[in-house]
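Open the model in your viewer and keep the selection tool ready. We will stop at a few places inside it.

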Amino acid sequence: MKLRFTKMQGAGNDFVVIDATKTPVQLSHSQIQHIANRFFGVGCDQLLMVESTETAGVDFRYRIFNADGGEVEQCGNGARCFVRFVVEKGLTQKHEIKVETASGVITLMLQDDGQVTVNMGAPRFVPKQIPFEAEAQATSYELPLNNETVTVSAVSMGNPHAVMLVDNVHTAEVAILGPQIESHPRFPQRVNAGFMQVLNEHEINLRVYERGSGETLACGTGACAAAVSGIQLGALQSPVKVHTRGGILTIQWTGDHAPVMMTGPAEIVFDGEIEI
């Protein structure tokens, strides 16, 4: 089968986007892994599926698959690429759309300068909603790993995140601690592990070891989770500029049950066709 796709990136977080609005597309884990492979396939952090929806008041359905083939609930950088894709491919004339995801409906806004703002919804801190095993809700938790115990904040941005404060993201042991946190038994659905360095009350450096993909150049929901966690801890104030290895994202959150607003780039890299 030959499959048409568009390669996109948002702050270096890269995606293969497939239009399944007219003809449904079903891919196996192995087919997704092949497409995501950077040596034998196209190469991507996630595969995004654009689908039609019958839900009233919603424009599209948005499905996300990690490089390992597993489907996940949410992807912030992918959401920005999603709205850029549907507008530039003529699937809609709207510049503000509502999109159905596995974790709920989100609102995406394409700005005149090409930047995209995403209403990511309100963060969730209740352990069962993350999900995370804890006796009671807290702003931080002790997490025993193989050779040490680390302190993390746990939050859901439609997908689970554990955020750890570090002195320097460049020297942080992301490759060692990331997999241990990702597969920690207290996170029954695994977790995205964020490593956050606070530069000042409005600025951070961030690296994220993503569930099912490993470390990526940027993670939109990870940026939201880090900013929210920093605000909860009293180390940050909104808006927060998040420096990732792939680019800069701006996160705004007024606290309590308010939605998190994320703004950043989204670009089409090329269109192509792959045989799977």
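A cavity is a set of points, on a 1 Å grid over the protein atoms alone, where a 1.4 Å probe fits but cannot get out; its lining residues have an atom within 4 Å of a point. A volume is the space filled by probe spheres set on the points, which are joined across faces, edges and corners. This model is predicted: local features need pLDDT of at least 70, side-chain atom pairs need 80 or more, and totals for chains, interfaces and linings use all residues. Numbering starts from 1 along each chain, and side-chain values use heavy atoms, without hydrogens or water.

**Stop one: the cavities.** The structure holds two cavities of 30 Å³ or more. Select its lining residues, including Gln-46, Asn-66, Cys-75, Glu-210 and Thr-221.

Now move to the second largest cavity, of about 50 Å³. Select Leu-206, Arg-207, Val-208, Glu-215 and Thr-216, which are among its lining residues. Strands β13 and β14 each give two or more residues to this lining. The largest share, three residues, comes from β13. (Strands are DSSP runs of E, at least two residues; helices are runs of H or I, at least four; both are numbered from the N terminus.)

**Stop two: Thr-263.** Select Thr-263 in strand β17, residues 261-264. Is Thr-263 buried or exposed? Its relative accessible area is 17%, so Thr-263 is buried. (Buried means under 20%, exposed over 50%, partly exposed in between, with a 1.4 Å probe and protein chains only.) Next, show contacts, meaning heavy atoms within 4.5 Å. Beyond four places in sequence, Thr-263 touches residues including Arg-80, Gln-111 and Leu-249.

Notes:
On a 1 Å grid over the protein atoms alone, a cavity is a set of points where a 1.4 Å probe fits but cannot get out, and a pocket is an open set with protein on both sides within 12 Å along at least five of seven lines; lining residues have an atom within 4 Å of a point.
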